[in-house]
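Hello,

Here is the structure I promised to pass on to you. Please have a look at it first, and then read my notes below.

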Amino acid sequence: AVTVHDESTGVTTEIDADVVIVAMGPWSTRASEWFPDFEVPMTGVKSVSLVYDANVQVANEPAALFCAEDDNGCHLEVYP
């Protein structure tokens with residue numbers, strides 16, 4: 001069973017579960033405190049993504065730009 005606490009209502013509920021999937025991308029490591037007996041096998045850094053509306057030419061040939069990492073291990077990502 002998994003204990004779930006809704007912070008907006010204050011209600012705590014138990015849910016029967018054989019498997020729990022934490023789908024938070026690189027922020028999944030923050031779930032480690034929720035499961036003290038389980039190591040979350042993922043790491044990541046917080047980075048910035050710039051997303052913009054593409055014109056027709058760019059939309060027909062999509063690509064992404066990944067800039068070099070800074071001293072904190074973060075990098076800028078640019079997506080149309």
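How much accessible surface does the chain have, and what share of it belongs to carbon and sulfur atoms? The accessible surface comes to about 6,900 Å², and carbon and sulfur atoms account for 55% of that. Please keep in mind that this is a predicted model.

Now to the overall form. Along its principal axes, the C-alpha trace spans about 50 × 30 × 25 Å. The radius of gyration of the chain is 19 Å, whereas a compact globule of 80 residues would have one near 12 Å. Of the 80 residues in the chain, 8% are buried.

Next, the secondary structure. You will find 1 helix and 5 strands in the chain. If you read along the sequence, they follow the pattern β-β-β-α-β-β. The helix, α1, covers residues 56-60.

As for contacts, I looked at those between residues at least 6 apart in sequence: 27% of them join residues at least 24 apart.

Is A59 buried, exposed or in between? A59 has a relative accessible area of 48%, so it counts as partly exposed, given that the exposed class begins over 50% and the buried class lies under 20%.

Enjoy looking around, and write back with any questions.

Best wishes

Conventions
Residues are numbered from 1 along each chain as its sequence is written. This is a predicted model: local features need pLDDT of at least 70, side-chain atom pairs count only at pLDDT 80 or more; totals for chains, interfaces and linings use all residues. Side-chain values use heavy atoms; hydrogens and water are left out. Helices (H or I, at least four residues) and strands (E, at least two) are DSSP runs, numbered from the N terminus. Buried means under 20% relative accessible area, exposed over 50%, partly exposed in between (1.4 Å probe, protein chains only). The radius of gyration is taken over C-alpha atoms; the globule rule is 2.2 Å times the number of residues to the power 0.38. Contact means heavy atoms within 4.5 Å. Accessible areas come from the Shrake-Rupley method with a 1.4 Å probe; for residues, only the protein chains shown count as cover.
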